[in-house]
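Biologist: I want to check the labels on this model one at a time. Can we begin?

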Amino acid sequence: MKLGFIGTGVMGNSLVKHLLDDEHEVSIYTRTAKKAENLVEAGAVLVDSPQQVAENCEIIFTMVGYPSDVEEVYFGEAGLIEHAKTGSVLVDMTTSKPNLAQRIFEAAAKKGLHALDAPVSGGDIGARNGVLSIMVGGEKDIFKQISPILNLFGENIVFQGPAGSGQHTKMCNQINIASNMIGVCESLIYAEKAGLDPERVLRSISSGAAGSWSLSNLAPKMINDDFRPGFYIKHFIKDMKIAAEEAENWGLNLPGLRLSLSMYEELAAKGYGDNGTQSLIQQYKA
């Protein structure tokens, strides 16, 4: 199939590799061409704009940084809504605003296009290994149509409902992680103060009732002072702000989310925005 992918960052790069490995013809666009050099070497075609992706492909995936980037890719002068071929499927895998996903769906429908919001969870490790969780909103028939391709990216792929439902589900995911990350950090700090071996503690608690993805995958990085990004702090802050905004609109009080957001914002203010989310442990060591 002729597929397109816009955004080849930490996670998008791995997803394009899966498409290439499955022998699809893939056109890619990224603002930083250097990030795509390995993909071009592997057979991807690097083009100069989202418009060129739209004109060449029948299914187009996007995974960019912020809602403003999504706006530009879909509604800009060289955007997908204006230039995609009738019948094309547009799949936004960016974690973005639910109401933006709904706008994209409605604008696409008016142009004879199909749109899904399909944010993911699992970080760089999940993307690399093709085991992401993918939360999908939009038309169920279109979801079923492209499921064989989504299966290249993940293992837990669930259709959640109409446009925006994927994004709302991702907010649930990020709210859960927000409070959990505080617990992971505090358990490690407690272990250290008690004179325990943190790695040995992890062996005991990771598979019990306290177990979580963050505890298994990010706590070891915390112990080893490995703060390289699998998922950027700056992007997690963006996600938490979207969730907090939605909650505020509903009059919903989420103190755990607010606390985590404030702690990560303090880290970003100190210059750690490009670090991985596991850098939260530094707030306890300052």
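Biologist: Why is D225 called partly exposed?

Modeller: Compare its value with the cut-offs. Buried means under 20% relative accessible area, exposed means over 50%, and partly exposed lies in between (1.4 Å probe, protein chains only). D225 has 49% relative accessibility, so it counts as partly exposed. This is a predicted model: local features need pLDDT of at least 70, side-chain atom pairs count only at pLDDT 80 or more, and totals for chains, interfaces and linings use all residues. Residues are numbered from 1 along each chain as its sequence is written, and side-chain values use heavy atoms, with hydrogens and water left out.

Biologist: Where does D225 lie, and what is its phi?

Modeller: D225 is in the loop between α12 (219–223) and α13 (233–249). Helices are DSSP runs of H or I with at least four residues, strands are runs of E with at least two, and both are numbered from the N terminus. The phi of D225 is positive, about 55 degrees, although D225 is not a glycine.

Biologist: Is E23 buried or exposed, and how do you know?

Modeller: The relative accessible area of E23 is 71%, so E23 is exposed. E23 sits in the loop between α1 (12–21) and β2 (25–29). Its phi is positive too, near 70 degrees, in a residue other than glycine.

Biologist: What about S27: buried or exposed?

Modeller: S27 has 8% relative accessibility, which means that it counts as buried. S27 belongs to strand β2. Leaving aside neighbours within four places in sequence, its contacts (heavy atoms within 4.5 Å) include L3, G4, F5, V45 and V47.

Biologist: How many salt bridges does the rule give?

Modeller: The count comes to 11. One of them joins D69 and R31, with the closest N and O atoms 3.2 Å apart. D69 is in helix α4 (residues 67–75) and R31 is in the loop between β2 and α2 (37–41), so the pair links distant parts of the chain, 38 residues apart. D69 counts as buried at 13%, whereas R31 is exposed at 67%.

Biologist: What makes E71 and R103 a salt bridge?

Modeller: Their closest N and O atoms are 2.6 Å apart. E71 lies in helix α4 and R103 in helix α6 (residues 98–110), so the pair ties together parts that are 32 residues apart in sequence. E71 is partly exposed at 30%, and R103 is partly exposed at 38%.

Biologist: What makes R200 and D197 a salt bridge?

Modeller: Their side chains meet at 4.0 Å, N to O. R200 is in helix α10 (residues 198–205). R200 counts as exposed at 53%, while D197 counts as partly exposed at 37%.

Biologist: Why are the buried residues of α4 said to line one face?

Modeller: The buried residues of α4 are P67, D69, V70, V73 and Y74. Seen down the axis, they fall within an arc of 155 degrees, so they line one face of the helix. The arc is that of the directions from the helix axis to the C-beta atoms. On the other side of α4, S68 and E72 are exposed.

Biologist: How do you know that the span of α8 agrees with its residue count?

Modeller: The expected span is 1.5 Å times one less than the number of residues. Helix α8 (residues 140–153) has 14 residues and should span 20 Å; its end C-alpha atoms are 18 Å apart, which agrees.

Biologist: Where is the kink in α8?

Modeller: The kink lies at S147, shortly before the proline P148, and is about 60 degrees. That bend is the angle between axes fitted to the seven residues ending there and the seven starting there. S147 is among the buried residues of α8, as are I146 and I149.
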